[in-house]
Amino acid sequence: MRNLFIKLMFLVASAAFISVVNFENKKQLSNLTLNNIEALASGEDDPSIYCIGEGSIDCNGRKVRATYKPYSFEYLK
Amino acid sequence: MKCLILILTIISMVSCADGHTVMYPQYGTFPIKKNLVANILPLDTALLRYPFRIKIKDSLALIMDIHNIDNYFHLFHYPEMTHIVSFGHRGDSPEDMLSADSFAFQSLDSIWTLDANKMQIIRWEITNRNYKVKMVESINLNKKIVRALDFIRIDNDFVIPDYLAKSRYNLVNSYGETFAEKGNIPTIHNKSEYSMPALAQAWRSFIDYNSQNNILAFVTQLGEVIEIYNLKNNTHIVLYGPNGEPNFEISNGYGIPTGIMGFSDVEVTDKYIYTVFHGRSFKEIARKIMKGAPSIDGGKYIYVFSLSGEPVCSYTLDRYIYGIDVNEEKGIITAVDVNSDEPIVQFKI
């Protein structure tokens, strides 16, 4: 009985640890993406995204025709 | 053995907490298909550059021009389409607007506008005598909202989807405070694979609400998804079109569109939901721009759905449009065309 109790405690602790690790990972990602959204709103040019043309897609605080990744030459083919 | 089963159960519960996959109904063909020819409404001015939205209320037509050099909003007499006044000056000073993202008539002399870059909703008043426009109220949106994407006003509150996507939309009071968060982005993919803001960028939607039937409709700017919330009986319908949900890839946290340009406007009338659909791929758009080839902007389809989401009619237009105003009683759709020097057109339905 005592052994079972110890095992259960171990399982609960493991589950809690996994949850915390997941939460922290999401939190870090969220901070990175939030910074990028701030850049979207502020109009700062961000080298991680290229904005082309004049249109209705949000890009670095402007509204553009299309956005694409730097060095994404797929579009030029 | 029992212990092993318990371990596996707990680990699977933790790892699959938000990893469910849901399938949604799809629409295919429309029972009625018609071609429509535009009738041009001549303007007495050439000040419009990129007219994105139009709404008509009685004898007034208001146009939102998102790339105008001076002002974002332009008021015209309707149906004469003679220019009355422009407002919403573009600029960096405190009284200027950084961007224009949506607007709504509250009454003939009162208009709400959304400045997403400034995170502000502004009410403008139009004097009846001389049509002077002045800013009378500004609401700073709270920091829980990260870049408002669109808005509609219900009673004294606002419905606002944003880039954070903790929910599908926020309910915000007249002080700019969020008091409720509703719904979720109806992606069929595992949300835990994406950063939610990137998903929200890709799922940017235009919204409209009809207070007569309590229908709140969302249409996605990318891909082809429609959502219909009935706020009276709390039902939610999700419809996927043939092009499916928004496709995107992530670059440093940004959601970069890789699929198609989807809807550009939605209007919920008393009987139907009218949408403007583009359906062109971003690859094609970008390739044309990079090569300096002329690239038509806008959609040449108006899709009409019932209030419960059944496809009713598909109109194919003789030009490409962005925003629409639907007069169901008179059977007229007024639209804006960003490609033409005569940008205001009407279709008889």
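Two strands pair if DSSP finds at least two bridges between them. Keep that in mind as we walk through this predicted model, starting with a sheet in chain B.

**A sheet in chain B**

Which residue in β23(B) is the bridge partner of B:Val276? The partner is B:Ile302. This couple gives us a way into the pairing of β22 (residues 272-281) with β23 (residues 299-306) of chain B, two strands that run antiparallel and are joined by 6 bridges. Helix α3 (residues 282-290) of chain B packs on the sheet, where α3 touches both β21 and β22 of chain B. The direction of this helix makes about 55 degrees with that of β22(B).

In chain B, 5 strands form an open sheet with mixed pairing, and their order is β1-β24-β23-β22-β21. Why is one side of β1 and of β21 of chain B left without a neighbour in the sheet? Both β1 (32-36) and β21 (260-268) stand at the edges and have a single partner strand each, so one side of each has no neighbour there. From one strand to the next, the twist averages 20 degrees.

**The two chains side by side**

Here are some values for each chain.

Let's take chain B's overall dimensions next. Its C-alpha trace spans about 85 × 45 × 45 Å along the principal axes. For 349 residues, a compact globule would have a radius of gyration near 20 Å, and the 21 Å of chain B agrees with that.

Chain A has its elements in the order α-β-β, read from the N terminus on.

**How confident is the prediction for chain A?**

The average pLDDT of chain A is 62, and 30% of the residues score at least 70. Where in chain A is confidence lowest, and where is it highest? Helix α1 (residues 2-42) of chain A has the lowest mean, 51, while strand β1 (residues 50-59) of chain A has the highest, 88. Over residues 18-43 of chain A, pLDDT stays under 50, and the model has 33 contacts beyond four places in sequence for this stretch. Where pLDDT is low, the predicted coordinates should not be read in detail.

Terms used. Residues are numbered from 1 along each chain as its sequence is written. Chains are lettered from A and ligands numbered from 1 in the order in which they are written. This is a predicted model: local features need pLDDT of at least 70, side-chain atom pairs count only at pLDDT 80 or more; totals for chains, interfaces and linings use all residues. Helices (H or I, at least four residues) and strands (E, at least two) are DSSP runs, numbered from the N terminus. Axes are lines fitted to C-alpha atoms, for helices over the stretch in contact, and angles run from 0 to 180 degrees between N-to-C directions. Two residues are in contact if their C-beta atoms, placed from the backbone, lie within 7 Å. The radius of gyration is taken over C-alpha atoms; the globule rule is 2.2 Å times the number of residues to the power 0.38. pLDDT is the predictor's confidence in each residue, from 0 to 100.
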